[in-house]
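Here is a structure to read with a few questions in hand. Each answer sets a value against a definition.

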Amino acid sequence: MNTADPFEIFLVCAPGLEPVLLQEVVEQGFTNPVAGAGGVTITGGWPDVWRANLNLRGAVRVLARIGAFMAFHLAQLDKRARKFDWGAVLRADVPVRVQVTCKASKIYHAKAASERIERALTESHGITLSPEAEMVVKVRINDNQVTISLDTTGEALHIRGHKEAVGKAPMRENLAALMLRQCGYTGTEPLVDPMCGSGTFVIEAAEIAAGLQPGRSRSFAFQQLASFDPAIYETLRRTQTKTPHGLRFFGSDRDAGAVRNATKNAERAGVAECTAFACHGAAEVRPPAGPAGLVMVNPPYGGRIGNKKLLYALYGSFGATMLAEFKGWRVGMVTSEPALAKATGLPWKPQGPPIAHGGMKVLLWQTPALR
């Protein structure tokens, strides 16, 4: 490929959240954004790949589609893979691994196809293979078209690089960011999470308000590509942040260990000054002084706990507290169990599509401002 020409970039997200990621991608000014199954496609060059990894809160990973050709049998795949200009993007000293999927094609054996691609990389281009390599060459053979993508991210983007302490059932940061967006959160109002766990919702909200780049604390696979330009990349990294004037972000949990972890995570993320965590049950939570905002909560639910009957009282007391104490606030809640959501007695809006989370489907429940 000519590394100066625009190419397709696929931004992966959790199924069910594609339209929400599309909103973020449009806001960030990427070119030709189109939502599809499992993510959003844009058009751009390598700086757009770097910017997407660095800036997008809702994406899981960024795939650069670096080329495509037709192949109707393994010999043709072998020949065309050897002619492909791998050296324009891959470095001989950086090991790679190959993943192949085949669908509706005359080449139907993924392992055989993978072997041909691997031989082309090693024999024709001197590239090293390793089953543990962070750099992944993804090859999709669909209707006899071979599409070659590079996973430019490495570790999934929910790993921000500054959250070390997590609980038993953590909310992934990219899911939290998109759910906050679904609830209309823009960083201009306070947020309260009365079952905060490791603090994901609180920290994401504070980072959004401060204008912090989600990828600022970590490295990416694209930094090991031949197409990487460190000087241009440094111009994309922001060092200045906004001060969330008068805004505070509050988390609480009945588990003292969770509160300690959340406090440490906020410190590492650089948002300790505008966040506060306390140890008490959800029924004891009270709104902070100042304007109303958003209560965002990911309570335990059946798939994570086992005995759902024990949870009805928890949901009921949470809902009663919201209705009594949080007038003017909106509530967002994640759960897989409609019956538990209804046990809160809160005035939920109509449901959106289910969201894939931790091997199960969950729903985001939202209220209007409580009266």
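Q: What classes of residue make up the lining of the second largest cavity?
A: Four nonpolar, two polar and two charged residues. Here Ala, Val, Leu, Ile, Met, Phe, Trp, Tyr, Cys and Pro count as nonpolar, Asp, Glu, Lys and Arg as charged, and the others, Gly among them, as polar. The lining includes L56, P214, G215 and R218.

Q: What are these values based on?
A: The model is predicted: local features need pLDDT of at least 70, side-chain atom pairs count only at pLDDT 80 or more, and totals for chains, interfaces and linings use all residues. Residues are numbered from 1 along each chain as its sequence is written, and side-chain values use heavy atoms, with hydrogens and water left out.

Q: What makes a space a cavity?
A: On a 1 Å grid over the protein atoms alone, a 1.4 Å probe fits at its points but cannot get out; lining residues have an atom within 4 Å of a point. The structure holds two cavities of 30 Å³ or more.

Q: Which element gives the most to the lining of the largest cavity?
A: Helix α6, with four residues.

Q: How do you know that the span of α10 agrees with its length?
A: The expected span is 1.5 Å times one less than the number of residues. For the 15 residues of α10 that should be 21 Å, and the end C-alpha atoms are 21 Å apart, so the two agree.

Q: Why are the buried residues of α10 said to line one face?
A: Buried means under 20% relative accessible area (1.4 Å probe, protein chains only). In α10 the buried residues include L311, Y315 and F318. Seen down the axis, the buried residues fall within an arc of 160°, so they line one face of the helix.

Terms used:
Helix = DSSP H or I, 4+ residues; strand = E, 2+ residues; numbered from the N terminus. Buried < 20%, exposed > 50% of the residue type's maximum accessible area, 1.4 Å probe, protein only. Arc of directions from axis to C-beta. 1 Å grid on protein atoms, 1.4 Å probe; cavity = no way out; pocket = protein on both sides within 12 Å on 5 of 7 lines; lining within 4 Å. Points joined across faces, edges and corners; volume = space filled by probe spheres on them.
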